[in-house]
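Let's walk through this structure together, one topic at a time. Keep the 3D view open as you read.

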Amino acid sequence: MKVSYFPGCTLNTKGKGFDRSVREALAALGVELEELPDWNCCGASFPLLVDNVLDLAGPARVLVAASAQGDKLATACTTCYNVLKRTNRVIRLDRERRERLNYFIEADYQGQVEVMDVLQILRDEVGFEEVKAKVQKSLSGLKVACYYGCMVLRPPAEVAYDDPENPHALDELMASLGAEPVLWGGKVECCGNYLVAIKPELAMEMSYRIISSAYRAGAEVLVTNCPLCQFNLDRWQRDLVVKKGGFRPLPVLYFTQLLAIALGLDPTRYELEKHYVDPKPLLKAKGLLDQEVG
Amino acid sequence: MVIGAGIAGIQAALDIANAGYEVVVVERLPSIGGHMLQLSETFPTLDCSQCILTPRTVEVGRHEKIKLYTYSEVESLEGEVGNFRVRIRRYPSYVNWDICTGCGVCQEKCPKRVISTDFERGIGKRKAIYTLSPQAVPNKPVIDPENCLYFTQGKCRVCERFCPVGAIDYNQKERIFEEEVGAVIVATGYELLPLTELGEYGAGTIPDVIDSLAFERLLSASGPTAGKILRPSDGKEPKVVVFVQCAGSRDPERHMPYCSKICCMYTAKHAMLYRHRVHDGQAIIFYIDIRSAGKGYEEFIHRAVTEDRVLYIRGKVARLYQEDGKVVVRGVDTLSGRQVEIAADLVVLAVAMVPRPETRALAEKLGLRLDEHGFLEEEDRNFAPLESGRPGIFLAGAGTGPKDIPETVSQASGAAGKVLSLFSQWG
């Protein structure tokens, strides 16, 4: 199966380990991700904050390019998913804005592309049963806390492909890889990412609550689908070990890194060394990574 | 014909039968009584629900003018007012009720225990051959073929061996009965919003988060814990119980936009009865508003606060999750403007009253209208609240929307009066 793919800026720069694990894990599952040619920024979350229709030209241009290549567009970055999905919805439902956009970017696009998150593709197109059948290295004995980025769940009516209050797709995927998802209270708590610039101490506190809640539930690793959450939850732990007595750091991994490892791919390709909290000792202890890897 | 034998159907059937007319009662479950039989005590008088209801269920069971079809559903209805022809489908109970004496030996000997998800709300157990309650009317058991060892594995037959009168009949089939009736009262009642719909409250995965009917079973002297308040996860007595009102009601974005009407009152009753049973326990209620319009209702709420020291917090609960053997309740106190977090031992959700799932199919068979939520629609909400819009078919009870017991009973008597006035015109 071939699906158009929009990596987005994060996966093209800081999230290379995420990008590479997405491409290689999906290839191992028979999904060929075909990168859009000459893609541009999705616009991040800003174009949806205002009414100005021309701010949507960026994401609309991405959707037009995708429509020339197929009927589905996959993205792994949760923000890109949110922006592209919602822009597409505006194009589908709002005739006036659709016409103005088409006029401006010289296209004739009606919103026919289906924007899908990679996790959604794994669930609906590949199927977790199929994933389970292809597991080479079971993650058995690994206790994971699944953490869902808000961008794939909110606003529910526009973007959610899972229960926005109690999402479970990631938990099911991890279970199909043999891991043990823990029951915990933090899976949809806000990580505080948007407060980093204006109220850093509050953002740190929010991350602290999430990580310690996962730890108390018995998790050995936090798994997420969102690059912003990943960075935020991972990065704050450098400060938390100093500022919070008794704080126990937890590695924060992308779900596709674990998926790739379970599918028997080479873990050293996914930038494990770039995480602030080193996940390698845990992976080695679980027999998922060779002892020799530095 | 009365469809549904909860308190509404029972009241209507008795009123009509006592006026001298023949009544056919059709009930989906194996025995009559409806939700009221699951309740511990009723507000605001704290009467024992079973004690005031069972004389009526027994009267229905024995009334010479009432013909009871339990474990049955209406298959079709033809004709018009004064001359309806009804087909009734009766499900196989695998027990010949004509000769069964209701001795209960089969239930005692049956080796298969299953969790009673219906009557005991998942808290208690029953056997694969069972009656809904010890006071069941009719007091005749049914076999549940999904769990019976004979039906699933082809062996066992213990009930057959022990039945002193040879009433077990594994080959019983569905039967269709026909009746002719002059008028119909639809009293099919309500269901509760399933916990699985409430993702923010754990979607039914947290054992110590239960719904209000399950709490009624915990409070009931004849319930699975014999009236002791013991939480499901470890059987311990909970010392901090949080009650969440409007769980799925008054929530137009995610759930039901309407008010379920009875929850303020029964939650006050729950907290009160909990405090009577567990003297050192703390009862905390989250509420949006207190709606206690009714005779003696506001006084009842006042009593919960002043005499029983129930703590009311005005605000919604945003999230429930399990941690360290407790249920963490995160909510807001809108009067102080602060977030609150409580580690509770047990959480009781006053979930929304919703239409029964079977109502849609029944309405289609009877040619009745439904409202936007799937409740039965009255002919006119002001002046014809008991009429269905189809002549000769009347409505009573919570099938048209949330109602408490007094209002349900009033409606049932009203609908019975409508039927009797019709009959009196025909002489």
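## Some ground rules

Two residues are in contact if their C-beta atoms, placed from the backbone, lie within 7 Å. Helices (H or I, at least four residues) and strands (E, at least two) are DSSP runs, numbered from the N terminus.

This is a predicted model, in which local features need pLDDT of at least 70 and side-chain atom pairs count only at pLDDT 80 or more, while totals for chains, interfaces and linings use all residues. Residues are numbered from 1 along each chain as its sequence is written, and chains are lettered from A and ligands numbered from 1 in the order in which they are written.

Start with helix H3 (residues 57-67) of chain A, whose axis comes within 10 Å of the axis of helix H5 (residues 95-105) of chain A, crossing at roughly 80 degrees. Axes here are lines fitted to C-alpha atoms, for helices over the stretch in contact, and angles run from 0 to 180 degrees between N-to-C directions. H3(A) is therefore roughly perpendicular to H5(A) (angles under 35 degrees count as roughly parallel, over 145 as roughly antiparallel, 65 to 115 as roughly perpendicular and the rest as oblique). On the H3(A) side, Ala57(A), Ala60(A), Arg61(A) and Val64(A) meet Leu101(A), Phe104(A) and Ile105(A) of H5(A). This contact has six nonpolar residues, no polar and one charged (Ala, Val, Leu, Ile, Met, Phe, Trp, Tyr, Cys and Pro count as nonpolar, Asp, Glu, Lys and Arg as charged, and the others, Gly among them, as polar).

The axis of H3(A) also comes within 9 Å of that of helix H4 (residues 78-93) of chain A, at roughly 85 degrees. H3(A) and H4(A) are therefore roughly perpendicular to each other. Here Pro59(A), Ala60(A), Val62(A) and Leu63(A) of H3(A) touch Val83(A), Leu84(A), Thr87(A), Asn88(A) and Ile91(A) of H4(A). Seven of the contact residues are nonpolar, two polar and none charged.

## The two chains

Chain A has 14 helices and eight strands, and its C-alpha atoms fill a box of roughly 55 × 45 × 30 Å along the principal axes. Buried residues make up 48% of its 294 residues (buried means 20 or more other C-beta atoms within 10 Å of a residue's own, exposed 12 or fewer, and partly exposed in between, with C-beta atoms placed from the backbone).

Chain B has 10 helices and 24 strands, in a box of roughly 65 × 60 × 35 Å along the principal axes. Buried residues make up 45% of the 427 residues in chain B.

Where do the chains meet? 10 residues of chain B are in contact with eight residues of chain A. Strand E19 (residues 317-323) of chain B gives the largest share of the chain B side, four residues.

## The nonpolar cores

A nonpolar core is a set of buried Ala, Val, Leu, Ile, Met, Phe, Trp, Tyr and Cys residues joined through C-beta atoms within 7 Å. The largest has 146 residues, and those with the most contacts inside it include Leu84(A), Leu222(A) and Phe243(B). Helix H7 (residues 263-277) of chain B contributes the largest share of this core, nine residues. A second, separate core of 52 residues includes Ile7(B) and Phe394(B).
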